Every structure is written in structure tokens, then in C-alpha cells.
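Me: I'm new to this one and would like to learn how to read it. Could you walk me through it, feature by feature?

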Amino acid sequence: MTSLVMLAVMIFGVFAYRILPVNDLPSIDFPTIQVRANLPGANPETMASAVATPLERQFSTISGLESMSSTNGQGNTTITLQFALERDIDAAAQDVQAAISQLPGSFRMT
């Protein structure tokens, strides 16, 4: 009787294991912060050199930063910062704010 119960449990376990859902690429939300800067009337080249480059230089010193991308347009710049999964988004936001406040001029985070 014990052998039959063990065999039934083992067969049930193998069957249940085969139907378990497994996702090769799980849905993950990376901690991401987007910084926007405006300078009315400035062309994209000016935005890249006068606004985006100093900000990117400051942001590159933040720990846990995985990737950084920027888009420059007529009078505005958008910088997207993506952090490591284990990085706390609130702490990252404080680090971004601290990096912005260290820049000379009138940069501010919104």
C-alpha cells in the first residue's frame, strides 16, 4: 500500500511539474527617472551642448545607473535614466536631485 501511494504521489508530481507555467522573459519594471529641461528658443544643438551634456556628466556619477539616453529638440531636452533592479527609486530620485543642485545655473527637477 505504501509503495502504491508513493508511486501515485510521484506520478502526480511529475504531471504537475510538466504543466507549471514558466516565463523565459518575465515582465520587469526597471527603476526609471525622466528629467526634462526647457530653454525656450534654443535649437537642438544648443540644447545638447549647453543643457544635456552638463546634466549627463553629473548623472554619470550616480551609483546604480545602468543606462542613460537623451533626446534634444527645439527648446527642450529629455534625459531618461535607468537604474539597476536592486536600486530604490526614491533614493535614486534624491541622487538625481542632488546631482542637479550641484550644477551652476537654474536647473531644477520637476
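Reply: We'll go through the sheet, then a helix, then a salt bridge and a few single residues. Keep in mind that this is a predicted model, where local features need pLDDT of at least 70, side-chain atom pairs count only at pLDDT 80 or more, and totals for chains, interfaces and linings use all residues. Residues are numbered from 1 along each chain as its sequence is written, and side-chain values use heavy atoms, with hydrogens and water left out.

Me: Let's start with the sheet. In what order do the strands lie?

Reply: The general idea: strands of a sheet pair through backbone hydrogen bonds, either parallel or antiparallel. Here three strands make an open sheet in the order β1-β3-β2, with antiparallel pairing. The edge strands are β1 (32-38) and β2, each pairing on one side only. On average, neighbouring strands of this sheet are turned by 15 degrees against each other, direction ignored. Some terms: strands (E, at least two residues) and helices (H or I, at least four) are DSSP runs, numbered from the N terminus. Two strands pair if DSSP finds at least two bridges between them. For the angles, axes are lines fitted to C-alpha atoms (for helices over the stretch in contact), and angles run from 0 to 180 degrees between N-to-C directions.

Me: How many bridges join β2 to β3?

Reply: Eight bridges join strand β2 (residues 65-73) to strand β3 (residues 76-83), and the two run antiparallel. You can trace some of the partners: serine 67 is bridged to glutamine 82 in β3, methionine 68 stands opposite leucine 81, and serine 69 has threonine 80 as its partner. The hairpin of β2 and β3 has two residues between the strands, and glycine 75 takes a positive phi near 85 degrees there.

Me: And how many bridges join β1 to β3?

Reply: Seven, again with the strands antiparallel. Threonine 32 has glutamine 82 in β3 as its bridge partner, while alanine 37 stands opposite threonine 77.

Me: Which residues make up the covered face of β1?

Reply: In a regular strand the side chains alternate between the two faces of the sheet. For β1, the covered face has Ile33, Val35 and Ala37, and the uncovered one has Thr32, Gln34, Arg36 and Asn38.

Me: Now a helix, please. How far apart are the end C-alpha atoms of α1?

Reply: The expected span of a helix is 1.5 Å times one less than its number of residues. The 17 residues of α1 should therefore span 24 Å, and the end C-alpha atoms are 24 Å apart, which agrees.

Me: How many of the residues of α1 are buried?

Reply: Buried means under 20% relative accessible area, exposed means over 50%, and partly exposed lies in between (1.4 Å probe, protein chains only). In α1 the count of buried residues is zero, so the helix is hardly covered. Methionine 10 sits in this helix (residues 2-18), and with a relative accessible area of 54% it is exposed. Leu4, Leu7, Met10, Ile11 and Val14 make a nonpolar surface patch of about 510 Å². Patches are made of residues with over 30% relative accessible area and no salt bridge, joining like charges within 9 Å and nonpolar side chains (Val, Leu, Ile, Met, Phe, Trp, Tyr) within 5 Å. The areas come from the Shrake-Rupley method with a 1.4 Å probe; for residues, only the protein chains shown count as cover.

Me: Which side chains meet in a salt bridge?

Reply: Side chains of opposite charge can pair when their charged atoms come close. A salt bridge is a side-chain nitrogen of Lys or Arg within 4 Å of a carboxyl oxygen of Asp or Glu. A search of the whole structure finds one: arginine 87 meets aspartate 95 at 2.1 Å, N to O. Arginine 87 counts as buried because its relative accessibility is 16%, whereas aspartate 95, at 30%, is partly exposed.

Me: Is threonine 71 buried or exposed?

Reply: Threonine 71 is in strand β2 and counts as exposed, at 55% relative accessibility. Its C-alpha atom is 8.6 Å from that of alanine 52, 19 residues apart along the chain.
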